[in-house]
Amino acid sequence: MLPVMSAVFIGLATALSYALGWAIGVPALLPILNTLASFPFMVLALKRGNLRLAVARMLLWALTMGVAATLLSYARPAQTGTLFLRGESYQKEMFAWVLTGQGAESSPSQFIPQQAGHAALFSALALATGGVAAMPMGAVLMNYMGHYVGVLAATSRRPALTMILGWHPWAVIRVASFVVIGVVLSAPLLSRLGKFRVDRAASRTLLLIAVAGLLADIVLKAILAPAWQRLLLRVVGW
């Protein structure tokens, strides 16, 4: 499949997954629908022996989810607060941080164990299930992060800028790192089941980059979170 065509299909399928999830209204089903929109494209790229293409396709998927979840939550915050698993609780937690500067986002002793736990669980699920269970977990994370950003923008005097700044730079690095980890650790089981080869050298390189990204996420968050909170508070205008 041509790169442009596959990108269009991934974008359209991901958008359709939100439309179906919205229509059905079952929160636990939405991450599964999100995953079905992209998973086959990842597998096809892996079967072609193109690990980097698989990563690129899943990065596009994550980008599309981030945009969709943010815009939906901006337009219909009450509905997405219910539809997105942990959407409302995460939004309230982050709003308290934006307003006061207090919370896990600015406390390494809180966010490091939490993020390490997420990374460990996600990695284990990717390795054990070929990504079948890990990708829905990633979708849950993307959706509740997008809900926070969308609702923040809906309350802001500068919504467009808030939608950009609300995706904290360290969070974007974390998302990209999770995507890479998910693809690389899904490949061993998928390759055995599908009887195809995976470039082990490329896998090791990408995995090292992803681990470096997770470390960069922690360092940047520890350094920048207090200043970013003050910036968001000024932009939002509370």
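D217 is buried, with a relative accessible area of 1%. Here buried means under 20% relative accessible area, exposed over 50%, and partly exposed in between, with a 1.4 Å probe and protein chains only. The model is predicted: local features need pLDDT of at least 70, side-chain atom pairs count only at pLDDT 80 or more, and totals for chains, interfaces and linings use all residues. Residues are numbered from 1 along each chain as its sequence is written, and side-chain values use heavy atoms, with hydrogens and water left out.

The side chain of D217 forms a salt bridge with that of R174 (2.8 Å, N to O). D217 belongs to helix 11 (residues 200-236) and R174 to helix 10 (residues 169-194), so the pair ties together parts that are 43 residues apart in sequence. A salt bridge is a side-chain nitrogen of Lys or Arg within 4 Å of a carboxyl oxygen of Asp or Glu. R174 is buried too, with a relative accessible area of 14%. Side chains of opposite charge can pair when their charged atoms come close.

Four salt bridges are found in a search of the whole structure. One of them joins the side chains of E88 and K92 (3.4 Å, N to O). Both residues lie in helix 6 (residues 87-100), four residues apart, and are separated by about one helical turn. E88 is partly exposed, at a relative accessible area of 40%. Another salt bridge links the side chains of R86 and E93 (3.0 Å, N to O). R86 is partly exposed, with a relative accessible area of 34%. E93 is also partly exposed, with 31%.

R86 has a further feature in its backbone. Its phi is near 65 degrees, a positive value in a residue other than glycine. R86 sits in the loop between helix 5 (77-83) and helix 6. K195 likewise has a positive phi, near 55 degrees, and is a residue other than glycine. The loop between helix 10 and helix 11 holds K195. At 74% relative accessibility, K195 counts as exposed.

The protein as a whole contains 11 helices and zero strands. Helices (H or I, at least four residues) and strands (E, at least two) are DSSP runs, numbered from the N terminus. From the N terminus on, the elements run α-α-α-α-α-α-α-α-α-α-α. The radius of gyration is 18 Å, close to the 18 Å that the globule rule gives for 238 residues, so the protein is as compact as a globular protein of that length. This radius is taken over C-alpha atoms, and the rule is 2.2 Å times the number of residues to the power 0.38. Along its principal axes, the C-alpha trace spans about 55 × 40 × 30 Å.

Of the 238 residues, 49% count as buried. Among contacts with a separation of 6 or more, 77% come from residues 24 or more positions apart. Contact means heavy atoms within 4.5 Å. The protein exposes about 11100 Å², and carbon and sulfur atoms supply 71% of this area. Accessible areas come from the Shrake-Rupley method with a 1.4 Å probe; for residues, only the protein chains shown count as cover.

The protein carries 18 positive and 5 negative charges, and their mean positions are 9 Å apart. Lys and Arg count as positive and Asp and Glu as negative, while His and the chain ends are not counted. The place of a charge is taken as NZ of Lys, CZ of Arg, CG of Asp or CD of Glu.
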